[in-house]
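Let's take a walk through the strands of this model. Have the viewer open and follow along.

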Amino acid sequence: MAVACGNNTPDESQQAVTQKDYSVVKIYPHNSATFTEGLYLKGQTMYESAGNKGKSKLLVYDLASGKVSQSLDLDKSLFGEGISEVDGKIYQLTWQDHKVFVYDGKTLALIKQMTWPYEGWGMTTDGKNLIISVGSSNIYYVNPADFSIIRTVGVTNNYGPLSMINELEYVDGFIYANVWQTDNIVKIDPASGAVVKTLDLAGIREDNGISPTGDWLNGIAYNPTNKTLLITGKHWSNIFEIKLK
């Protein structure tokens, strides 16, 4: 998200941080004009939701080149947020308007619109349910058919509830999440809500000779072929493919 504040101090948003607990496999271009809110990968095609009123859109582009093949603008009054795909349908959240858009996964044609009672932040899927963050310490499992809440997971670390949970990615039974306004990605056990690992990505751009322009780290996609994560940030000029150690 862009403007919300949370209850955790920087120390409270960390648990057993291991610096450089990853290696950079490859670096791809990313449009620095994009205020990244949601990200996922299909094959070598990236799907991205961009935020900010008047600039919110849904983008489909080639990972290697960054070349856009499809682009859909949201109404200028809306602030686009997390996206995910289930059964050939793309779901896109909005921040404070309680709107959820459902698109055809191939054409991006609007199928229907639904409502969501909370703010919309991050979204991913376990293949059956949608999994949504709202900027608090809660993550919601949601029925894609009607957006009814199936269950709520409270995220905790050694300090208690961990708020500011943002963009999400479901990987091999765990939820990876950006913690807004930090350089951290947390790995969450959805059965208990416990943070089982914290990945510190501070300095990833500088370490790879890239000027750290833009905003906060935000955006996680999974490449199941390489078993790697693809991460970026708001207005970042690159996407980093990383392998966890």
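What is the order of the strands in the open sheet of four strands? Reading across, the order is β3-β4-β5-β6, and the pairing is antiparallel. The edges belong to β3 (36-42) and β6 (68-73); each has a single partner strand, so one side of each has no neighbour in the sheet. From one strand to the next, the twist averages 15°, with axes taken as lines fitted to C-alpha atoms and angles running from 0 to 180 degrees between N-to-C directions.

Before going on, some housekeeping. This is a predicted model, where local features need pLDDT of at least 70, side-chain atom pairs count only at pLDDT 80 or more, and totals for chains, interfaces and linings use all residues. Residues are numbered from 1 along each chain as its sequence is written, and side-chain values use heavy atoms, leaving out hydrogens and water. Strands here are DSSP runs (E, at least two residues), numbered from the N terminus, and two of them pair if DSSP finds at least two bridges between them.

Inside that sheet, β4 (residues 45-50) and β5 (residues 57-62) pair antiparallel over six bridges, with Ser-49 opposite Leu-58 in β5.

Now jump to β19 (residues 184-188). Look at Val-186: Ala-177 stands opposite it, and in β20 its bridge partner is Thr-198.
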